[in-house]
Amino acid sequence: MIRDGLVLAVDGGGVKTDLALVDSSGALLSLVRGGSTQAHYLGVEGCVEVLSGLLDTAITEVGLDPLARPIASTAQLLLAGMDLPEELAALGAAMDRLSWSERLVLGNDTEALLRAGTDRGWGVAVVSGTGINCLGVAPDRREARFLSFGPVSGDWGGGRDLGLAALGAAVRAADGRGPRTQLEDLVPAHFGLGDPLEVARAFHLEELPADRVGELAPIVLVLRAEDAVAAGIVGRLADEVVAFARAALVRLELTETDPDVVLGGSVLRAVSVEVVDAIARGIQGLAPAARVVVSPSEPIVGAALLGLDALGADAAARARARAELDAAVAKRSGAVVERLG
């Protein structure tokens with residue numbers, strides 16, 4: 001039996017996936033996290049398997065009947081890698097068979113980021129996590145989207161890209177082709193190896209999983225202020241973010257308006273104020289009234305808010321959902337830091 005007014009919200013990425021159950025008053029009933037739901041790597045069935053496991057955990061926490069269908073009034077499943085109609089159709093067919101909700105919305109995680117970062121219902125969102133992507137929405141609901149396939153569609157600026165750049169710079173410093181950089185020592189130290197060439201060899205021979213290269217991105221961001229090579233990598237990231245945002249604004253004819261440009265994802269939420277300011281200057285050179293902000297909330301908040309919007313929830317419910325989800329995310333992050341410490 002459906003729980004009246006229940007929102008099922010999902011923000012899925014290349015590394016982690018968040019699933020939340022929120023009621024129509026904005027009360028957070030459950031927030032659970034699992035691994036990647038990136039269908040490009042897992043396939044549709046693998047993606048559904050991860051989502052099903054997360055939902056089972058959430059249902060158990062809330063005390064709902066695990067066999068009842070539908071479970072929610074509305075479901076917002078916003079996943080990285082859902083970039084093409086064909087991909088959305090394939091996942092939609094699989095999800096329809098599960099009957100999780102009366103109303104199902106499938107989309108890209110950029111939609112969740114935009115809603116998390118602004119209440120206006122339009123603007124531009126640029127996300128940099130495992131990869132990089134952008135969404136622009138005009139006040140009249142016209143959209144500007146990007147393929148976001150990675151190198152094949154000209155994309156650069158995700159955590160994996162920063163990590164590869166760091167490893168490449170470290171190798172070039174070690175073998176004499178490039179300038180000296182602290183990455184020459186910090187990259188191998190991160191993996192417990194002797195020098196950058198050993199790290200490159202380990203990735204080439206698949207002794208290190210390919211996705212671990214993204215672990216180097218935070219090192220690059222920390223080094224930016226004191227290492228010219230790291231600064232160059234972060235500078236390229238800023239340029240790519242500006243390029244995405246400017247392209248969306250031009251395509252939607254928003255350069256003379258006052259759009260919110262929301263930055264998010266694990267990489268952009270970790271950059272320094274100076275980098276955000278540089279991105280803002282680049283965007284405002286084209287759209288002077290643009291307001292560039294780092295999202296105050298993670299995308300799972302935006303997914304939940306979109307669900308509440310679909311239910312016609314009032315401002316108090318939306319504010320409660322944001323506050324309770326923000327607190328739950330912060331508590332979880334604090335627990336992870338404590339365990340690592």
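Helix α4 passes helix α8 in a right-handed crossing. Keep in mind that this is a predicted model. The α4 side of the contact is made by Leu162, Ala165, Ala166 and Ala169, while α8 brings in Val229, Ile233 and Leu237. Sorted by class, the residues of this contact come out as 7 nonpolar, no polar and no charged.

As for geometry, α4 covers residues 159-175 and α8 covers residues 228-251. The two pack at an angle of about 150°, and angles over 145 degrees count as roughly antiparallel, so α4 and α8 are roughly antiparallel to each other. Their axes sit 10 Å apart.

Now for the other pair. Helix α2 spans residues 85-98 and packs against α1 at an angle of about 25°. Anything under 35 degrees counts as roughly parallel, which means α1 is roughly parallel to α2. The crossing of α1 and α2 is right-handed. On the α1 side, the contact uses His40, Val44, Glu45, Cys47, Val48, Leu51 and Ser52; on the α2 side, you'll find Glu87, Ala90, Leu91, Ala94, Met95, Arg97 and Leu98. This contact has 9 nonpolar, 2 polar and 3 charged residues.

Here are the packing numbers for both pairs:

| Helix pair | Angle | Axis separation |
|---|---|---|
| α4 and α8 | about 150° | 10 Å |
| α1 and α2 | about 25° | 11 Å |

On to single residues. Ser36 sits in the loop between β3 (28-34) and α1 (39-62). Is Ser36 buried or exposed? Its relative accessible area is 17%, and the cut-off for buried is under 20%, so Ser36 counts as buried. A polar atom of the Ser36 side chain lies 3.2 Å from the backbone oxygen of Gly13. Setting aside neighbours within four places in sequence, Ser36 is in contact with the run Gly13, Gly14, Val15, Lys16 and Thr17, and also with Leu42 and Val50.

Thr110 belongs to helix α3, residues 109-117. Its relative accessibility is 1%, so Thr110 counts as buried too. Which residues does Thr110 touch, not counting those up to four places away in sequence? They are Ala125, Val127, Asn133, Cys134 and Leu135.

Definitions and conventions. Residues are numbered from 1 along each chain as its sequence is written. This is a predicted model: local features need pLDDT of at least 70, side-chain atom pairs count only at pLDDT 80 or more; totals for chains, interfaces and linings use all residues. Side-chain values use heavy atoms; hydrogens and water are left out. Axes are lines fitted to C-alpha atoms, for helices over the stretch in contact, and angles run from 0 to 180 degrees between N-to-C directions. Helices (H or I, at least four residues) and strands (E, at least two) are DSSP runs, numbered from the N terminus. Angles under 35 degrees count as roughly parallel, over 145 as roughly antiparallel, 65 to 115 as roughly perpendicular and the rest as oblique. A crossing is left-handed if the near helix is turned anticlockwise from the far one by less than a right angle, and right-handed if clockwise. Contact means heavy atoms within 4.5 Å. Ala, Val, Leu, Ile, Met, Phe, Trp, Tyr, Cys and Pro count as nonpolar, Asp, Glu, Lys and Arg as charged, and the others, Gly among them, as polar. Buried means under 20% relative accessible area, exposed over 50%, partly exposed in between (1.4 Å probe, protein chains only). A polar contact is a pair of N or O atoms within 3.5 Å; within protein, one must be able to donate a hydrogen and the other to accept it, and residues adjacent in sequence count only if both atoms are side-chain atoms.
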